[in-house]
Amino acid sequence: MSYNPGYYPPQGGAYPPPQNGYPPPPEQPQSYGGYHANDYYQPQQQPPPPPQETYYPPPPAQDFSSGNGGDFKGAKQYNRQPKFRDLWAAVLFLAQFALFVVMAALFIKSLPSSAFKHSGNLRYTKDFYSWPTMIMWLCVLLVSIVFSLIYLGLMQMFAGQMLVISFWFAVVSMIGTGVYYLAAKIWFAGGIMLIFGVLYALMWFSWRHRIPFSKLVLEVVCHITRRFPSTIAISVAFLVLQAAYSAFWSLAFAGSFKHMEQYQSCTTHTDRNGRQYQSCSNVKQILAWVFMVFSFYWTSSVILNVLHTTISGTFATFYFFEGSPQGYPTKHVTLSSLKRAMTNSFGSICFGSLVVAIIQTLRAIVRAIRSQGDDNLATQLLACCADCILGCIEAIVEFFNKYAYVEIAVYGKPFMQAAKDTWVLIKDRGVDALINDCLIGNVLQMGAFLCAAVVALVAWLYITITKPEYNTTGSYTAPIIIAAFILAMSMFMVLLKCIDSGAATTFVCLAEDPDAMARNNPRLFAMVRETYPQVVRGVHAMDGF
């Protein structure tokens with residue numbers, strides 16, 4: 001049987017695959033992350049399949065347009081000839097990006113003529129947008145990459161210790177923040193942080209049983225990243241791409257202030273006392289800003305989700321094909337996965353990212369209304385409630401999207417079908433228990449905070465030592481440190497997307513086909529079967545076995 005780069009691994013709906021008339025392959029001792037298959041999983045030895053047959057029987061092709069392809073209650077089918085999904089979303093995304101590039105070109109031309117002129121001295125520069133400032137942001141990028149790689153290495157060497165340290169780091173951070181607020185006489189915030197810190201510490205007694213499972217999952221994910229170092233390389237490449245786009249967008253947004261002044265209209269009014277005053281408005285400028293914010297959110301989300309889908313495809317290929325007789329379907333697994341994400345599944349990625357971008361843009365508008373300092377209490381209350389509701393919706397959508405993109409990466413489904421299948425997967429198969437008990441997110445959050453703190457310190461040292469002329473009053477120091485903190489945290493999460501995406505893919509693939517995990521990592525399978533039996537039994541129950 002021949003494979004092509006567009007091939008998607010079979011789904012495990014008809015569980016287990018070997019019962020469909022195809023005997024399983026002969027078991028051979030395999031090493032996975034330091035564990036040997038023959039230590040736990042000993043299936044009955046059977047003669048090898050005939051050469052003309054393969055381990056996974058070819059199911060009939062499926063038309064996803066009917067909307068029934070993701071039904072977990074019947075035998076699952078998958079499409080061996082992937083199609084371009086949600087093409088309209090891809091076309092719409094490219095159109096808005098082209099419009100943004102045109103607008104950015106006009107706005108950047110409006111920047112001061114002295115911007116980016118190299119004066120030969122890091123100190124004597126009057127403009128924020130200058131080469132010395134760009135050197136500072138380059139240092140921020142490099143330090144973020146180096147710190148993230150070092151942290152990734154520590155995660156691979158000390159998985160269990162990092163889980164424990166991250167838990168108590170969160171406790172100390174909350175209590176320390178609470179003490180700081182109390183010292184600053186911010187009594188309410190300080191009391192809240194102290195209460196949350198103490199409650200979080202008490203949760204250790206109910207959370208410590210999760211550490212063995214989380215440690216094993218983290219070791220498995222780190223093992224696959226070592227098996228495919230291209231996942232780390234592509235994360236670095238997308239990090240640079242995201243940083244370059246963010247810099248380009250920032251320049252365009254800064255230039256929009258000067259360029260859009262020509263569309264401002266002012267009207268003269270007279271008050272009761274006969275005094276005249278002017279009120280100015282610029283509707284075109286507001287519309288331009290709204291579009292640019294929306295474009296930033298959508299494009300950034302697409303970049304991150306293409307990376308997430310690429311890594312998920314790589315992990316799924318390992319999950320389904322590692323140790324199988326036919327081997328991997330392609331020589332370059334990660335590049336093949338990237339190709340699918342940028343072609344067949346690109347429309348689905350744009351569709352899912354569009355939903356999140358709309359919510360984020362609405363939140364940005366609400367926050368802008370809140371920041372205007374309107375004295376109307378009803379307006380402020382409504383804006384606060386709207387921001388809270390939109391934040392909850394955004395968190396829910398992003399949670400489901402993360403696992404929907406795994407379905408897209410593995411099976412090439414359209415976005416709506418993938419979202420529907422993700423809901424059924426999490427609701428009916430107990431995957432939510434695995435997600436809730438996995439503490440890998442704590443380790444990533446601690447790393448993101450530490451990386452942001454180190455990079456913010458580097459930015460402060462740079463601006464303190466160079467003493468640029470535009471910061472003689474110190475007005476730029478705080479904004480630069482805050483911006484460096486936020487950028488470093490986001491860049492850390494991009495670079496370690498290989499860990500987050502790998503864990504999500506492992507959970508989805510486990511629920512789809514536990515047999516593959518029994519073959520590839522019997523120790524993790526044994527722990528899941530013992531601790532979360534509903535995940536394994538759910539497959540039998542759903543498919544009628």
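Biologist: Which helices each supply at least two residues of the nonpolar patch?

Modeller: H3 and H4 each do so, where helices (H or I, at least four residues) and strands (E, at least two) are DSSP runs numbered from the N terminus. This is a predicted model, in which local features need pLDDT of at least 70, side-chain atom pairs count only at pLDDT 80 or more, and totals for chains, interfaces and linings use all residues. Residues are numbered from 1 along each chain as its sequence is written, and side-chain values use heavy atoms, with hydrogens and water left out.

Biologist: What makes the nonpolar surface patch?

Modeller: Ile175, Val179, Ile195, Val198, Leu199, Leu202 and Phe205 make the patch, of about 650 Å². H4 gives the most, with four residues. Patch residues have over 30% relative accessible area and no salt bridge, and nonpolar side chains (Val, Leu, Ile, Met, Phe, Trp, Tyr) are joined within 5 Å, like charges within 9 Å. A salt bridge is a side-chain nitrogen of Lys or Arg within 4 Å of a carboxyl oxygen of Asp or Glu. Areas come from the Shrake-Rupley method with a 1.4 Å probe, and for residues only the protein chains shown count as cover.

Biologist: Why is Val179 called partly exposed?

Modeller: Val179, in helix H3, has a relative accessible area of 47%. Buried means under 20%, exposed over 50%, and partly exposed in between (1.4 Å probe, protein chains only). Val179 is therefore partly exposed.

Biologist: Why is Asp86 called buried, and why is Lys185 called exposed?

Modeller: Asp86, in the loop between strand E2 (35-36) and helix H1 (87-108), has a value of 16% and is therefore buried. Lys185, in the loop between helix H3 (159-183) and helix H4 (187-202), has 63% and is therefore exposed.

Biologist: What is the phi of Asp86, and what is that of Lys185?

Modeller: Asp86 has a positive phi of about 50 degrees although it is not a glycine; for Lys185, also not a glycine, phi is positive at about 65 degrees. Most residues other than glycine have a negative phi.

Biologist: Why are H7 and H8 called roughly antiparallel?

Modeller: The axes of helix H7 (residues 230-259) and helix H8 (residues 283-321) come within 11 Å and cross at roughly 180 degrees. Axes are lines fitted to C-alpha atoms, for helices over the stretch in contact, and angles run from 0 to 180 degrees between N-to-C directions. Angles under 35 degrees count as roughly parallel, over 145 as roughly antiparallel, 65 to 115 as roughly perpendicular and the rest as oblique. H7 and H8 are therefore roughly antiparallel.
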